[in-house]
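Look at the ligands in this model and at the residues that line them.

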Amino acid sequence: MPRKVALITGVTGQDGAYLAEYLLRLGYQVHGLKRRSSLFNTNRIDHLYQDPHIENRNFVLHYGDMTDSSNLIRIIQETQPDEIYNLAAMSHVKVSFDSPEYTANADGIGTLRLLEAVRLLGFANKTRIYQASTSELYGLVQEVPQSEKTPFYPRSPYAVAKLYAYWITVNYREAYGIFASNGILFNHESPIRGETFVTRKITMAVARIALGMQDVLFLGNLSAKRDWGHAKDYVKAMYLILQQDKADDFVIATGVTTEVRDFVRMAFGEVGIELTFTGEGADEKAFVKSCSHPEYQLPVGKQVLAVDKAYFRPTEVDLLIGDPSKSKKVLGWEPEYDLKGLVKDMMESDIHLMKKDKYLQDGGYRVFNYFE
Ligand code: NAP
Ligand code: F7E
């Protein structure tokens with residue numbers, strides 16, 4: 001059997017790294033689209049890297065950008081993929097308010113460029129396409145929980161760009177018969193989550209605070225509720241979506257929602273620190289109530305959390321909770337991690353990383369990466 005060939009855009013991101021690892025394990029040849037950067041930004045995939053001189057490599061990186069059609073056409077022509085996973089995006093909701101035009105270009109029109117490339121190259125019957133759609137499409141939610149049938153109401157330039165990407169994917173499926181599917185993924189996190197998303201910001205800060213390397217964690221809206229899963233589980237769903245007989249759209253979620261405030265409580269709980277919260281809105285604070293872990297002792301009453309309005313968004317998505325019944329029934333998808341398992345995995349990894357950081361700060365030197 002010839003190896004299946006996959007092209008992953010956004011291969012240097014959280015999902016790209018886990019998906020590349022997963023597809024390689026399944027025996028795929030994986031091509032990854034990577035933006036040029038002035039410094040290496042391949043930490044998450046360095047363990048997969050293969051020297052270009054190796055014959056028949058199964059992991060190959062290509063320079064490319066979602067804003068550059070000719071380059072997408074060339075890469076697709078060269079690699080002739082059986083499956084394309086379009087994960088590349090300016091994916092930070094708050095940043096999309098600062099760079100709305102770029103976000104529309106990369107996340108919205110970028111998806112069109114990819115679909116057009118497949119169509120123009122005559123690969124409509126060969127190449128299957130996965131589009132990384134998002135629970136942010138539900139925004140100001142019209143129904144609880146949110147399913148494939150819930151109307152969209154995007155609340156940020158990111159979500160509006162992704163709305164275009166969602167519908168252009170559906171349109172290319174209907175107009176040209178391309179096997180193009182949307183995975184409407186709810187928030188998924190991991191030890192390699194970008195450091196400015198709220199979960200990772202929290203687990204990194206809690207690790208630093210427990211080790212005496214940071215004083216206070218500043219956050220924005222503590223009352224927002226998210227349906228958080230583990231990225232390792234979610235990339236398996238992406239693969240399953242492209243293995244179906246028919247292209248379709250699927251919600252991938254855990255069906256459990258949690259406040260940011262409770263994620264903070266759980267993360268501190270992993271290092272034996274119990275918190276007490278006071279105040280409301282921008283005046284909310286959290287203090288150490290007790291410490292039960294012998295290694296992580298902080299003074300009772302010490303403030304560890306404050307709100308900074310700079311992290312508030314012009315329009316917020318208050319509540320997300322997905323209904324994954326269709327993906328469970330049709331794809332047979334079942335997540336392995338629950339929220340407790342996710343927080344534990346992230347905290348263990350960040351404690352490990354921060355201990356090394358502390359070692360470096362104290363004058364030590366060691367090379368390390370996220371996958372150790
Ligand atoms: P991420 O960690 O931010 O990774 C995004 C990837 O896209 C990175 O490899 C980034 O490259 C690349 N990229 C950004 N702009 C690009 C451009 N113009 N051209 C080429 N590559 C570009 O995001 P993620 O969490 O892995 O998410 C993967 C996808 O799923 C994204 O499309 C995101 O919007 C979507 N999504 C994520 C979630 C979630 O909870 N994680 C939920 C639903 C949907 P650099 O490394 O060079 O920055
Ligand atoms: O925010 C609140 C913030 O940035 C979650 C992306 O992967 O998932 C992600 O988008 C919530 C929001 O993720 C801080 O206001 C409070 O209500 O971690 P986040 P997101 O906006 O939900 C979706 C599904 C995607 O598709 C996106 O690509 O947490 N929050 N304080 C904060 N958020 C951040 N980032 N930083 C804070 O200090």
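By class, the shell around ligand 2 holds eight nonpolar, eight polar and six charged residues. Ala, Val, Leu, Ile, Met, Phe, Trp, Tyr, Cys and Pro count as nonpolar, Asp, Glu, Lys and Arg as charged, and the others, Gly among them, as polar. The model is predicted: local features need pLDDT of at least 70, side-chain atom pairs count only at pLDDT 80 or more, and totals for chains, interfaces and linings use all residues. Residues are numbered from 1 along each chain as its sequence is written, chains are lettered from A and ligands numbered from 1 in the order in which they are written, and side-chain values use heavy atoms, without hydrogens and water.

Of the 22 residues around ligand 2 (a heavy atom within 4 Å), S91, T134, Y158, R313 and E316 come nearest. An N or O atom in the R313 side chain sits 2.5 Å from a ligand 2 oxygen. The backbone takes part too. An N or O atom of V198 lies 2.8 Å from an oxygen of ligand 2, and one of G220 lies 2.8 Å from a nitrogen of ligand 2. The protein covers 96% of the 700 Å² of accessible area that ligand 2 has on its own (Shrake-Rupley method, 1.4 Å probe).

Now ligand 1. It is surrounded by 25 residues, the closest being T12, R35, S91, Y102 and Y158. A polar side-chain atom of S91 is 2.7 Å from an oxygen of ligand 1. A backbone N or O atom of H188 is 2.9 Å from a ligand 1 oxygen. Protein covers 90% of the 900 Å² of accessible area that ligand 1 has on its own.

Terms used
Polar contact = N/O pair within 3.5 Å; in protein donor to acceptor, adjacent residues only side chain to side chain.
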